[in-house]
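Please look at the sequence and the structure before reading on.

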Amino acid sequence: MLDFVLPTGEVAGFAVTCDPDAPSISICRRRSDGSEEVCWTDRCGSGDDAEALCAWLQTDEAQLRLFGRMALRLGKEIAGRVIRAAAADAAAERREMEEAEADLERRESEIKLWKSGPRATRPSLGLQRGCDQTPFWQMRFDARWERDRVADWLMHQADRYAEFVSLQMTNGSLQLEREILAGMRNDEAAAKRRGIATGGRRPLRFWRGE
């Protein structure tokens with residue numbers, strides 16, 4: 001409850017009341033004699049809307065005092081327009097923050113294949129989180145074709161990237177490299193047996209993970 005001195009010298013405080021059944025919300029002024037006066041009231045679309053608006057008004061006591069004084073001095077209609085506009089702005093800002101947090105969580109959980117650019121000292125590939133600029137794990141190669149040979153296989157293992165992350169964290173980068181190379185060689189051998197491998201240094205160049 002916030003107190004301030006009205007022009008008449010009367011001490012008053014403001015509080016928010018919510019009726020989810022109506023559904024409605026009110027700002028009340030408590031007089032010095034203990035009685036209460038409704039300064040402003042508004043009907044809401046649902047009980048949840050009324051409770052949400054009530055919770056928002058209660059988060060900022062200075063703002064609640066401002067709205068209460070505005071209703072007393074300028075009238076309920078003007079105060080209502082200001083309150084509803086401020087509530088809409090706050091809800092939009094809250095949604096933007098929630099969406100940004102959800103997007104960050106999504107990007108943090110997203111794992112994608114990374115390959116070094118043409119100016120890199122050594123060809124390399126790795127796994128990278130969507131929210132990062134650099135990979136958290138890398139394999140380096142002496143020649144570009146060696147990197148591309150592994151990439152031909154690894155690009156079709158997206159459903160195992162989370163497993164690879166867990167393996168790297170538990171057993172280290174070297175063990176993850178061994179796991180990837182073993183999986184690649186097994187699928188290369190299987191593709192050759194089925195007659196779908198490509199000749200040359202990259203047997204899985206046109207492989208689709210089948």
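## Model and helix 3

What is the place of Arg94? Arg94 sits in helix 3, helices being DSSP runs of H or I with at least four residues and strands runs of E with at least two, numbered from the N terminus. The model is predicted, so local features need pLDDT of at least 70 and side-chain atom pairs count only at pLDDT 80 or more, while totals for chains, interfaces and linings use all residues. Residues are numbered from 1 along each chain as its sequence is written, and side-chain values use heavy atoms, with hydrogens and water left out.

Arg94 has a relative accessible area of 42% and is therefore partly exposed (buried is under 20%, exposed over 50%, partly exposed in between; 1.4 Å probe, protein chains only). Its C-alpha atom is separated by 26 Å from that of Ala22, 72 residues apart along the chain.

## Helix 6

Helix 6 (residues 173-194) has 22 residues and spans 32 Å from first to last C-alpha, close to the 32 Å expected at 1.5 Å a residue (1.5 Å times one less than the number of residues). Its buried residues are Leu176, Ile180, Gly183, Met184, Glu188 and Ala191. They lie on the same side of helix 6 because they cover an arc of only 135° around the axis, taken from the directions from the helix axis to the C-beta atoms.

The buried residues pack against strand 7 (137-140), helix 4 (144-154) and helix 5 (161-171), with contact meaning heavy atoms within 4.5 Å. The face turned away from the buried side carries the exposed residues Arg178, Asn186, Lys192 and Arg193. Just after helix 6, Gly195 takes a positive phi of about 75°.

## Salt bridges

The structure holds 11 salt bridges (a side-chain nitrogen of Lys or Arg within 4 Å of a carboxyl oxygen of Asp or Glu). One of them joins Glu188 and Arg149 at 2.8 Å, N to O. This pair links distant parts of the chain, with Glu188 in helix 6 and Arg149 in helix 4, 39 residues apart. Glu188 is buried at 4% relative accessibility, and Arg149 is partly exposed at 23%.

Lys115 and Asp148 meet at 3.4 Å, N to O. Lys115 is in strand 5 (residues 111-115) and Asp148 in helix 4, so the pair ties together parts 33 residues apart in sequence. Lys115, Arg147 and Asp148 are linked in a network of salt bridges.
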